Amino acid sequence: MRQGCVLSPSLFNLYSKYLLQEAISKKSGILIKGVNINNIRYADDIVILAESEEQLQAMLDHIVDKYKEYGMEINAKKIKTMHILSDIKALTITVGNAVLEQVSKYSYLGHMITEDVATLKEVQIRIGKTRQNIFSVFKYGCEAWNYSKTVQKRIQTFEMWCYRRLLKVPWTEKKTNKEILKMADVGERLLHQLMKQKRAYAEHIMRGSSGPLLQLSLEGKIEGKRGQGRTRRNWMDNVKEWSGSTSYGDTKRKAENREGWRDMVANLRTEDGT
């Protein structure tokens, strides 16, 4: 096979898939509804999941040994470690004699993952990228965001900033947002578009058309104890609020009615009632 062959990506995916299966298929990862998930793969972007530092080190050791059997080596400089919502402050994970760098945030498949799993940082980064491009850049991956009051306000502020720049309206003119929206002839607000995309994505997951892994992640319970403090808002809270539901079961039953679900989306309202 020559370099650049169209079969290369598919063969590489198969190669890495079976390599990891041999290395860690029987190793403990994170249990969701009794199902063990210890890795997430997209081409050569691989995430290893573990509940403890010891489990993660053991899995990496098996992967390194298996890679050597397959005639491959791991570049420790390209591997990062991170703890998510954990009391562990420092990790000491090694590959060979090299200690892996621990980070508090990491960009994975274009989305910024942080230790506290907060959406605000990702929105701030996306705003910085979009200032030089268009809204389509900003909307990438918006289905995974949690739309808190702070995030909604930040998105609306950024949208108005864009319109004022496009219309070349200086702040000295003191035009209201309503006047700017009328001048820009805006049909649908950016935040409404983002909310609709998340709603449509949630519908696909709840109806099972996005595959079993996503549905398992949404419906399954992660075993173990959560940290101290108030319960954090999760991804599903937005969808329950938008559908007027109090439970996941009620929301899922509403999602099965496509026409009713579309009507609900058409009447979505943001935190400020717009």
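The questions and answers below concern a pair of helices and some salt bridges in a predicted model.

Local features here need pLDDT of at least 70 and side-chain atom pairs count only at pLDDT 80 or more, while totals for chains, interfaces and linings use all residues. Residues are numbered from 1 along each chain as its sequence is written, and side-chain values use heavy atoms, with hydrogens and water left out.

Me: At roughly what angle do the axes of helix α1 and helix α2 cross?
Reply: Helices are DSSP runs (H or I, at least four residues), numbered from the N terminus, and axes are lines fitted to C-alpha atoms over the stretch in contact, with angles from 0 to 180 degrees between N-to-C directions. The axes of α1 (residues 8-24) and α2 (residues 53-69) come within 9 Å, and they cross at roughly 130 degrees.

Me: Which residue forms a salt bridge with lysine 66?
Reply: A salt bridge is a side-chain nitrogen of Lys or Arg within 4 Å of a carboxyl oxygen of Asp or Glu. For lysine 66 the closest N and O atoms are 3.2 Å apart, and the partner is glutamate 69.

Me: Is lysine 66 buried or exposed?
Reply: Buried means under 20% relative accessible area, exposed over 50%, and partly exposed in between (1.4 Å probe, protein chains only). Glutamate 69, at 59% relative accessibility, counts as exposed. Lysine 66 has 15% relative accessibility and therefore counts as buried.

Me: How many salt bridges does a search of the whole structure find?
Reply: Among them is the pairing of lysine 196 with glutamate 188, whose closest N and O atoms are 3.0 Å apart. The search of the whole structure finds nine.

Conventions. Helix = DSSP H or I, 4+ residues; strand = E, 2+ residues; numbered from the N terminus.
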